Amino acid sequence: MEVTLAADLAGPEVLDYLLVDVFTPEAGRPFTGNPLAVVLGADDLTTAQCQALAVEFNLSETVFPMAPTTAQAHYRARIFTPSSELPFAGHPSVGVAWTLRQLGRVPAGEVVQECGAGLIHLQIPESGGPVTLTGPLPTSSEPIDPAPLLDALGLAESDLGEHPPRRGGSGIPFIYLNVQAVALEKVQPDLAAMAALSPVVTGFHLFALEDETEPGQPIAVRARMFAPDIGGEDPATGSASLGFAGWLVSSGLAAAEGATAYTIRQGFEMGRPSVLACDVVVSEGKISRVRVTGHTALVASGRVRIP
């Protein structure tokens, strides 16, 4: 029997989608960074239909750009993991803004995204280069007990870094755990234990700090992020990288006044190298701004049936 794929996926019962890689190490470098499905024309989809498509793509997130509900925004974004909807996430926000610009649906310059966490501001260069996202102001807790975290991650006390773990985040919550560089290679996460340990936390952000950073250069960070909600490891986590600013400030590693730049390298252990360039500004003892910047690359486009 002859298969006519184009005819089978034509008409009103299908939607166009694109696959893009976000936070790639360089511009135009696909098959690195964090993959994202962008489903177009999704305004009339129900939550159940969006969730079904997110399960089908089976990526850490699938994003559905829609018409905004406020005149202050250029578009609205609904963001789904394979198991739930998120109020905000970094790589879908950067990826969908870049994609809509490539399609000519939003202007260059400042773009405002409406999502569950509110209005998110992004900067898109005229050249179509890296997108900069200004995130929700980060929070950070007092130090927390590392013992149960280490147990859930298959690590020992000797794997800890110099600075204590904290809860925090930017839009969505994470646990931030400073470990030795060698611990990043040997971590064995127990996702069920992680979920039971802290069900209100989206994921566990493990990181090692470079021993020495040259004066004037960004703080260099190597990270991995594990989340039960996505079923394992994420190759590049913009929201966690934004929230990391709160940990830096609380730990006394960011400037007490003014700007501090930091670069997070993530996903290398997964074979998905990713680079997230970030900065945080402290004004009168409080965080006044946090941003993450990254490249996006188009990988594929196609059609998908409406569930």
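By the grid criterion applied here, one cavity of 30 Å³ or more was found. On a 1 Å grid over the protein atoms alone, a cavity is a set of points where a 1.4 Å probe fits but cannot get out, whereas a pocket is an open set with protein on both sides within 12 Å along at least five of seven lines; lining residues have an atom within 4 Å of a point. Grid points are joined across faces, edges and corners, and a volume is the space filled by probe spheres set on the points. The structure is a predicted model, in which local features need pLDDT of at least 70 and side-chain atom pairs count only at pLDDT 80 or more, while totals for chains, interfaces and linings use all residues. Residues are numbered from 1 along each chain as its sequence is written, and side-chain values use heavy atoms, with hydrogens and water left out.

The largest cavity holds about 110 Å³ of space. Its lining comprises 20 residues, of which E61, L86, M225, D234 and T237 are the closest to the centre. Two or more lining residues come from each of α3, β13 and α7 (238-250); helices (H or I, at least four residues) and strands (E, at least two) are DSSP runs, numbered from the N terminus. The greatest contribution to this lining is that of α3, with three residues. By class, the cavity lining consists of nine nonpolar, eight polar and three charged residues, where Ala, Val, Leu, Ile, Met, Phe, Trp, Tyr, Cys and Pro count as nonpolar, Asp, Glu, Lys and Arg as charged, and the others, Gly among them, as polar.

Helix α3 spans residues 90-102 and contains 13 residues. From its first C-alpha to its last it reaches 19 Å, close to the 18 Å expected at 1.5 Å a residue; the expected span is 1.5 Å times one less than the number of residues. Of the 13 residues of α3, 11 are buried, a term that denotes under 20% relative accessible area, with exposed meaning over 50% and partly exposed in between (1.4 Å probe, protein chains only). Among the buried residues of α3 are H91, P92, V94 and W98. Just after this helix, G104 adopts a positive phi of about 75 degrees.

At least two lining residues are supplied by each of α5 (181-186), β12 (203-209) and β13 (219-227). The pocket lining has eight nonpolar, five polar and six charged residues.

Strand β12, one of the elements that line the pocket, is mostly covered, with six of its seven residues buried. It runs parallel to β11 (residues 173-178), to which five bridges join it; two strands are taken to pair if DSSP finds at least two bridges between them. The pairing of β12 with β13 is antiparallel and extends over six bridges, and F207 has A223 in β13 as its bridge partner.

H121 stands opposite T134 in β8. These two strands form a hairpin with six residues between them, and G128 in the turn has a positive phi of about 80 degrees. Strand β8 also pairs in the antiparallel sense with β17 (residues 286-305), over four bridges, and L133 stands opposite V292 in β17.

Positive phi values also occur in residues other than glycine. F31 has a phi of about 65 degrees and is placed in the loop between β1 (14-24) and β2 (34-39). This residue is exposed, with a relative accessible area of 58%. For N58, phi is near 55 degrees, and the residue is placed in the loop between α2 (47-57) and β3 (62-66). N58 is likewise exposed, at 56% relative accessibility.

The structure holds zero disulfides, a disulfide being a pair of cysteine sulfur atoms within 2.5 Å. The cysteine sulfur closest to that of C50 is in C115, at 15 Å, which is too far for a bond. C50 is buried, with a relative accessible area of 0%, and C115 is also buried, at 10%.
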